Amino acid sequence: MHRFERKGNVFRNKDALGESYRPETIEERDEEIEEYIEALQPVVDGWEPNNVFLYGNTGVGKTAVTDYLLGRLQQDVEAYDDVDLSVVSLNCKTLNSSYQVAVELVNELRPVGEEISSTGYPQQTVFNKLYRELESLGGTVLIVLDEIDSIGDRDELLYELPRARANGNLEDAAVGLIGISNDFTFREQLDPRVQDTLCERELQFPPYDAPELENILRSRADVAIVDDAVGSGVLEFCSALAARDSGSARQALDLLRLAGEIAENGDHDRIEQGHVERARSRLEQERVQEGMRDLTTHGRLALLAVVSKAAKRETPCRTRKLYEEYATLCDSSGIDTLSQRSVHSHLSDLRMLGILSAEENRSGSRGNYYSYELDVPFESAIEAMEDVLRLDAETNAIREIASMNGI
């Protein structure tokens with residue numbers, strides 16, 4: 001008997017539900033595509049390209065639309081002898097400075113075996129190497145920097161590149177930057193001079209609503225799933241869950257894919273809503289685990305304070321009350337406390353990770369304050385924390401909280 005056997009009762013092409021899949025057409029982004037085409041029009045006309053900045057939540061189509069349109073642009077400009085277009089794409093998620101981005105761009109443009117080291121050069125030397133590579137390439141060069149907010153406020157390259165031609169660093173190459181960010185506040189953090197150039201053309205991608213997500217799922221399901229293998233209401237359920245949470249097509253697709261895997265592993269021929277429920281629970285737990293792995297001890301204790309308040313049915317909870325709970329947990333764990341401002345920063349990080357939600361309360365003369373609560377089910381938070389945490393004091397605290405809530 002084989003230990004590994006192919007299953008084929010649900011999926012026809014599961015890759016069509018994956019992040020790397022590139023559909024032939026983009027659904028539910030007609031307006032954004034038209035604006036994007038207008039921003040890219042100077043390339044077709046043979047002029048210097050615009051700098052374009054795209055922002056919106058994760059999974060709302062920014063990268064997919066960019067890949068789709070730049071692929072079409074490269075095909076279409078082949079009809080014009082006076083347009084020589086190159087596209088260089090870089091994901092900045094693991095990079096945290098202009099220096100690191102510049103090094104990666106140099107190495108993207110150089111042949112294999114001729115890359116430069118990621119350390120040891122003055123920053124301007126690396127910039128000059130990048131200019132030489134771009135000048136050697138020539139023509140119009142569009143540089144796509146996905147997750148551009150990862151570089152933080154060390155944005156010297158974002159200032160230099162758009163001005164490289166005007167400053168005499170480039171002559172034969174005309175460079176356009178396309179920045180993609182999930183952080184709506186990143187633009188405001190940039191040097192005003194960078195804002196003026198990088199955000200020359202801004203495109204905002206709003207979250208998808210449930211009908212839009214259902215349409216996207218239906219088009220992908222036609223490719224990914226065998227006929228009659230999607231039960232009644234499944235696509236609507238996946239779409240409603242994702243729309244209520246984040247408006248992310250990626251989340252909706254992940255729900256459908258995992259629900260299909262659960263169905264197949266159970267030797268079922270159809271994906272039903274119960275499979276989606278199990279998929280949702282598993283994905284929520286994974287989201288908490290992933291977010292927690294990079295947290296410091298104090299970040300985990302801040303989250304534990306919210307979990308503790310949730311167990312007592314005391315959420316949403318103000319920062320001041322959460323800080324008191326956090327201090328109690330630190331005391332019981334033998335850990336020195338941080339300032340309330342530092343804990344508030346940890347709570348904000350947890351909000352950015354999608355583990356917490358926050359509401360700003362405006363109280364007039366008494367000032368504004370935030371109230372926090374879990375943005376994932378309590379049970380998922382408890383299970384994820386048990387799986388991730390390794391410090392005995394914290395783990396014991398989690399068990400106590402779970403016991404209080406009958407888990």
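A residue is called buried here when its relative accessible area is under 20%, exposed when over 50%, and partly exposed in between (1.4 Å probe, protein chains only). Strands (E, at least two residues) and helices (H or I, at least four) are DSSP runs, numbered from the N terminus. The model is predicted: local features need pLDDT of at least 70 and side-chain atom pairs count only at pLDDT 80 or more, while totals for chains, interfaces and linings use all residues. Residues are numbered from 1 along each chain as its sequence is written, and side-chain values use heavy atoms, with hydrogens and water left out.

Start with strand β4. A173, V175, L177, G179 and S181 point one way from β4, A174, G176, I178 and I180 point the other way, and all are buried. Because 9 of the 9 residues of β4 are buried, the strand is largely enclosed by the rest of the structure.

β4 belongs to an open sheet of 5 strands with parallel pairing, in the order β2-β3-β4-β1-β5. Two strands pair if DSSP finds at least two bridges between them. At the edges stand β2 (85–91) and β5 (201–204), each with a single partner strand, so one side of each has no neighbour in the sheet. From one strand to the next the twist averages 15°.

On one side, β4 (residues 173–181) is joined to β1 (residues 52–55) by 4 bridges, and the two run parallel. F53 has G179 of β4 as its bridge partner, and L54 stands opposite I180 in β4. β3 is joined to β4 by 8 bridges, again in parallel; here L142 has G176 as its bridge partner in β4.

Contact means heavy atoms within 4.5 Å; axes are lines fitted to C-alpha atoms, for helices over the stretch in contact, and angles run from 0 to 180 degrees between N-to-C directions. Helix α4 (residues 123–137) lies across β2, β3 and β4, running at about 130° to β3.

Another helix to follow is α1. The axes of α1 (residues 30–45) and α2 (residues 62–76) come within 11 Å and cross at roughly 35°. The contact is made by I33, Y36, I37, L40, V43 and V44 of α1 and by V65, T66, L69, L70 and L73 of α2. By class, this contact has 10 nonpolar, 1 polar and no charged residues; Ala, Val, Leu, Ile, Met, Phe, Trp, Tyr, Cys and Pro count as nonpolar, Asp, Glu, Lys and Arg as charged, and the others, Gly among them, as polar.
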